[in-house]
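Give the cut-offs behind each term along the way.

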Amino acid sequence: MSTASTLYSAAEDAAMEAALEAALAGPRGANPLVGAVILSPQGEQLATGYHRGAGTAHAEADAIFEARKNGVDTAGTTMIVTLEPCNHVGRTGPCAQAIIEAGIARVIYAVDDPHDPAAGGARTLTAAGVQVSSGLKSGKALDLNRDWFDAVAAKRPFVTLHIAQTLDSRIAAVDGTSQWISCPESLADNHGLRGLIDAILVGTGTVLIDNPRLTARTPDGELSARQPLRAVMGLREIPEDAAVRGTDGRFVHLPTRDPAEALGMLFEQGVRHLMVEGGSSILSTFLAADLVDELIVYLAPTLLGSGTPALNDLGITTLADAQHWSWDEAGGGAVRILGNDLRLHLRSPRGAANINRNSVSQTTAARGEAAEYLTGGN
Ligand SMILES: NC(=O)C1=CN([C@@H]2O[C@H](COP(=O)(O)OP(=O)(O)OC[C@H]3O[C@@H](n4cnc5c(N)ncnc54)[C@H](OP(=O)(O)O)[C@@H]3O)[C@@H](O)[C@H]2O)C=CC1
Ligand SMILES: Nc1c(N[C@@H]2O[C@H](COP(=O)(O)O)[C@@H](O)[C@H]2O)[nH]c(=O)[nH]c1=O
Ligand SMILES: [Zn+2]
């Protein structure tokens with residue numbers, strides 16, 4: 001749906017900015033960040049919604065829910081949304097239908113949904129008599145989810161890279177001990193992520209050294225309700241008694257050293273969000289191949305001086321070829337304090353291409369936490 005000539009009011013323009021801002025509260029992963037605002041015919045912002053990650057309400061449904069909760073009548077209103085409303089019945093109902101049922105008269109969305117099974121919401125809405133237009137702030141909306149659009153186009157999972165390191169970038173000591181570098185709060189955060197992703201991946205080296213379980217667990221050690229597929233990449237055999245095999249059948253050995261091939265195999269198995277946990281060789285091979293969308297670094301205020309470095313060769317020999325990542329405010333902020341650690345959240349040089357990489361803007365929450373920390377409140 002192309003409406004390049006459509007003129008939008010200042011209220012619609014501001015509402016799309018608000019929707020883009022709202023979207024940032026959601027986590028990155030299998031689904032894109034999406035925000036929505038419901039506008040009255042007079043241009044008043046009546047309700048805001050955003051998507052909280054795969055399996056939860058979409059932004060449009062969230063905004064409609066928010067409106068209903070506050071007794072707001074949605075009939076005859078305009079919905080401003082950062083992505084084309086979906087048409088499919090996935091883990092949640094189709095938004096196009098929810099919009100029609102809410103009596104919304106007009107929908108303005110920023111960019112088309114590139115995901116085939118979900119596409120087509122604009123057509124359904126138009127057929128039902130809803131006035132639909134698109135393209136408002138499409139550049140910003142594309143930037144918001146650039147890595148996700150890349151992953152969808154490449155038919156590969158969205159890739160989150162996890163590094164739990166010391167201040168001097170070590171992920172294990174010389175004798176191989178590494179449990180734990182992170183504080184309990186960071187470990188809990190990591191297990192929370194494990195419960196949201198579709199698959200977790202490590203190299204054969206980590207399996208042979210650590211014998212990890214790679215399950216998602218609560219702080220008291222119980223298995224979480226949702227478990228990721230456990231993938232191990234590398235040519236060596238995985239020992240029969242390796243803990244990662246488990247007993248639930250959710251284990252897969254990927255006998256390859258090619259990260260793109262590993263991603264292809266996982267995509268075939270339905271994986272849309274992968275977290276790569278390590279070790280150094282695997283982290284480095286995904287980074288060198290430009291196959292990482294999001295970086296989460298748990299930084300402990302600990303020094304080892306020697307030991308396994310977080311990364312080895314990225315194929316970079318001169319500063320001009322350095323990878324420039326950028327701070328990512330999505331999903332809770334770029335810099336958070338977790339217990340005694342810092343949690344750093346960054347987006348890939350691809351995703352950050354249009355963002356000034358020198359502007360580190362802290363979220364209000366992060367600033368508040370930092371202030372509390374500095375005054376000894378934490
Ligand atoms: N703190 C943290 O966050 C984490 C720390 N660690 C630590 O990391 C250490 C293990 O790191 P590391 O030894 O690098 O092990 P890795 O887990 O990175 O596995 C390395 C092995 O993976 C296989 N492999 C597959 N693809 C590639 C590729 N493209 N390039 C190179 N190797 C590939 C190779 O084995 P093959 O011959 O089988 O193909 C290689 O020996 C452990 O001490 C562990 O405790 C591990 C994870 C997280
Ligand atoms: N050492 C270390 C991590 N290590 C990762 O966790 C794996 C062990 O997982 P499990 O057996 O399920 O508890 C280990 O092999 C490695 O991949 N993770 C972190 O968040 N912080 C840490 O300090
Ligand atoms: Zn939807």
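Lys155 sits in the loop between α6 (146-153) and β6 (158-166); helices (H or I, at least four residues) and strands (E, at least two) are DSSP runs, numbered from the N terminus. The phi of Lys155 is near 50 degrees, a positive value in a residue other than glycine. Lys155 is exposed, with a relative accessible area of 55%. For accessibility, buried means under 20% relative accessible area, exposed over 50%, and partly exposed in between, with a 1.4 Å probe and protein chains only.

The model is predicted: local features need pLDDT of at least 70, side-chain atom pairs count only at pLDDT 80 or more, and totals for chains, interfaces and linings use all residues. Residues are numbered from 1 along each chain as its sequence is written, chains are lettered from A and ligands numbered from 1 in the order in which they are written, and side-chain values use heavy atoms, with hydrogens and water left out.

Leu214 also has a positive phi, about 60 degrees, although it is not a glycine. Leu214 is found in the loop between α8 (204-210) and β9 (229-233), and at 3% relative accessibility it counts as buried. Most residues other than glycine have a negative phi, and most peptide bonds are trans. Cis peptide bonds occur here too: one joins Gln179 and Trp180, with omega about 5 degrees, and Trp180 is placed in the loop between β7 (170-172) and α7. Another joins Gly278 and Gly279, with omega about -5 degrees; Gly279 belongs to the loop between β11 and α10 (280-288).

Taken as a whole, the protein chain has eleven helices and 16 strands. Buried residues make up 48% of its 378 residues. Of the contacts (heavy atoms within 4.5 Å) with a separation of 6 or more, 72% are between residues 24 or more positions apart.

In soluble globular proteins, nonpolar side chains tend to be buried together. A nonpolar core is a set of buried Ala, Val, Leu, Ile, Met, Phe, Trp, Tyr and Cys residues joined through side-chain atoms within 4.5 Å. The largest such core has 40 residues, of which Met79 and Val107 touch the most other members. A second, separate core of 30 residues includes Ala262, Leu263, Ile282 and Leu283. Leaving aside neighbours within four places in sequence, the contacts of Val107 include Met79, Val81, Leu125 and Val132.

What is the count of disulfides? With a disulfide taken as a pair of cysteine sulfur atoms within 2.5 Å, the count comes to zero. Cys86 is buried, with a relative accessible area of 4%, and Cys95 is buried at 2%.

His51 lies in the loop between β2 (45-50) and α2 (59-69) and counts as buried, at 4% relative accessibility. Its side chain is joined to that of Asn31 by a polar contact of 3.0 Å. A polar contact is a pair of N or O atoms within 3.5 Å; within protein, one must be able to donate a hydrogen and the other to accept it, and residues adjacent in sequence count only if both atoms are side-chain atoms. The C-alpha atoms of His51 and Val34 are separated by 5.6 Å, although the two are 17 residues apart along the chain.

The whole structure holds 20 salt bridges, each a side-chain nitrogen of Lys or Arg within 4 Å of a carboxyl oxygen of Asp or Glu. One of them pairs Arg106 with Glu12 at 2.6 Å, N to O. This pair links distant parts of the chain, with Arg106 in strand β4 (residues 106-111) and Glu12 in helix α1 (residues 10-23), 94 residues apart. Both Arg106 and Glu12 are buried. Arg336 and Asp189 form another salt bridge, at 3.7 Å, N to O, between strand β15 (residues 335-338) and helix α7 (residues 184-194).

Asp341, in strand β16 (residues 341-347), is buried yet has no salt bridge. Which side chain of opposite charge is nearest to Asp341? It is Arg343, 9.9 Å away, where Lys and Arg count as positive and Asp and Glu as negative, while His and the chain ends are not counted. A polar atom of the Asp341 side chain lies 2.9 Å from the backbone nitrogen of Cys183.
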